[in-house]
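Open the model in your viewer and keep the selection tool at hand. Each stop below gives something to select and then says what is there.

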Amino acid sequence: MFRPRVALASLSGEADADWARAVTDHVGCAFLGGIALDEATREAARAMTDRDRSEFLPEDPIAFVDTQLGALADEPLQGAFNVRSATLGPVERAAAVCRDRGAVLELNAHCRQAEMCAAGAGETLLRDPDALARQVRTAADAGAAVSVKVRAEVDGVALPDLARRIEDAGADAVHVDAMDSEPVVADIADATDLFVIANNGVRGRRSAAEYFEYGADAVSVGRPSDDPEVLAAVREAADDWFSQEVTG
């Protein structure tokens, strides 16, 4: 899906094209966003800003996705956009933009903020696999490559089963926030043929290599995504691991 096998994980209200362009030497993919697409999730995002959370709230979120991805058109990385929606229409429109820009649409089934969950988006989708599968199918039918961002350690959610469900619906990748349950990456990798991106605690060679040993196809960096030293170390680990895979 991308090389080097290092991605920038979306940071709400911070992860835009300028953020990605600053570190293109070290990564193969940048997940911009997240962004709320429909009225329910935009209202949730507005409420979250009242608690001093940073959120992207442009007047036209679909146009914002297009403009931001366009700003990466000449950069040597895979563009991607993390989106939150409780309805299918905006997902379809965002997917069409990603298709036309050669970018990945990432459906957010990860955000655990109460307002976003109450709107029917984010982590709520982990407990409603039918709704999540409908979003995946909508995006895939629009012609976009589809990733789904998920979170481990959610009561009642078996991520390997969920991964199989989204794969059947047309997803190409699953982006796993492993929390403190890193071996779940191996369970998901064993359960599906999805491209598995492992996230959480990636800070250097050792943490990246641990995820590769569990079967991750790539890793993503969150909060240290603006630290070139961290990204260089993670890229070195990824390059070393996958060069051994090719020559072994």
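This is a predicted model: local features need pLDDT of at least 70, side-chain atom pairs count only at pLDDT 80 or more; totals for chains, interfaces and linings use all residues.

Residues are numbered from 1 along each chain as its sequence is written, and side-chain values use heavy atoms, with hydrogens and water left out.

**The cores**

Select Phe 81, Leu 105, Val 148 and Leu 159. In the largest nonpolar core, which has 75 residues, these four touch the most other members. A nonpolar core is a set of buried Ala, Val, Leu, Ile, Met, Phe, Trp, Tyr and Cys residues joined through side-chain atoms within 4.5 Å; buried means under 20% relative accessible area, with a 1.4 Å probe and protein chains only. Helix H10 (residues 228–247) gives the most to this core, 6 residues. Helices (H or I, at least four residues) and strands (E, at least two) are DSSP runs, numbered from the N terminus.

Now select Phe 2, Cys 29, Phe 195 and Ala 218. They belong to a second, separate core of 10 residues.

Return to Phe 81. Leaving aside neighbours within four places in sequence, its contacts (heavy atoms within 4.5 Å) include Leu 32, Phe 64, Cys 98 and Leu 105.

**Strand E3**

Select residues 78–84, which form strand E3, and find Arg 84 there. Is Arg 84 buried or exposed? Arg 84 counts as buried because its relative accessibility is 2%. Among the residues it touches, not counting those up to four places away in sequence, are Asp 38, Glu 55, Asn 108 and Cys 111.

Select helix H6, residues 129–141. Its buried residues include Ala 131, Leu 132, Gln 135 and Val 136. They pack against helix H4 (88–101), strand E4 (104–108), strand E5 (145–151) and H7. Just after H6, Gly 143 has a positive phi of about 100 degrees.

Next, select helix H8 (residues 184–191), where Val 184, Val 185, Ala 186 and Ile 188 are buried. Their cover includes helix H7 (159–169), strand E6 (173–177), strand E7 (195–199) and helix H9 (205–213).

**The cysteines**

How many disulfides are there? With a disulfide taken as a pair of cysteine sulfur atoms within 2.5 Å, the count is 0. Select Cys 98: the nearest cysteine sulfur, that of Cys 29, is 11 Å away. Cys 98 is buried, at 0% relative accessibility. Last, select Cys 111 and Cys 117. Their sulfurs are 6.2 Å apart, so they are too far from each other for a bond.

Definitions and conventions:
Buried means under 20% relative accessible area, exposed over 50%, partly exposed in between (1.4 Å probe, protein chains only). The expected span of a helix is 1.5 Å times one less than its number of residues.
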